[in-house]
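Q: Hi! I'm new to this one, could you walk me through the structure?
A: Happy to, here it is.

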Amino acid sequence: MYFKIGGMVGAIAILLSNGSAIAAPTLSAIAQDGQRYITVGHDKLGNSIALDTETIKGTTYKLYGMYGDGIFETTFDASCTESRLFLNHIAIYGSKGQLLQEDKQKGEIPFVANSSPGKGMKIVCQKIGARGW
């Protein structure tokens, strides 16, 4: 499978596909961004779901995963002291990095510790030094 995605979207797509994709122009981006993304889970196809550590702002964080030939980006807000999790934004990007779909509906979602959002929340809460994490 080949991806014709450039920049950050391409690097994310290759990281998430567990190395099954080959895209020479973005291989150096992967090496540079390798520490930026932490795998917090996998989808039904075995593709990684990754936490973007560079976009963490307080308790807001983003997860990325494969979606067809592109990727999805999901933004969450965590309430570490209450163990509550809020979905803020979902975006789906195509193989060339173009925004295909966006959902800005916000709301609380169940906190499940062993889910990808839950594992991301754990990392974020530990990073800010929240009690009990």
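Q: Great. How many helices and strands are in the protein?
A: The protein has three helices and seven strands, where helices (H or I, at least four residues) and strands (E, at least two) are DSSP runs numbered from the N terminus. In sequence order the pattern is α-α-β-β-β-β-β-β-β-α.

Q: What kind of model is this, and how are residues numbered?
A: This is a predicted model: local features need pLDDT of at least 70 and side-chain atom pairs count only at pLDDT 80 or more, while totals for chains, interfaces and linings use all residues. Residues are numbered from 1 along each chain as its sequence is written, and side-chain values use heavy atoms, with hydrogens and water left out.

Q: OK, which residues have the most contacts inside the largest nonpolar core?
A: Tyr61, Leu63 and Ala78 do, in a core of 15 residues. Such a core is a set of buried Ala, Val, Leu, Ile, Met, Phe, Trp, Tyr and Cys residues joined through side-chain atoms within 4.5 Å; buried means under 20% relative accessible area with a 1.4 Å probe, protein chains only.

Q: Which element gives the largest share of this core?
A: Helix H3 (116-127), with three residues. Strands S2 (48-52), S3 (60-67), S4 (70-79) and S5 (84-93) each supply at least two.

Q: Switching topic, how much of the protein is buried?
A: Of its 133 residues, 44% count as buried.

How values were computed:
Buried < 20%, exposed > 50% of the residue type's maximum accessible area, 1.4 Å probe, protein only.
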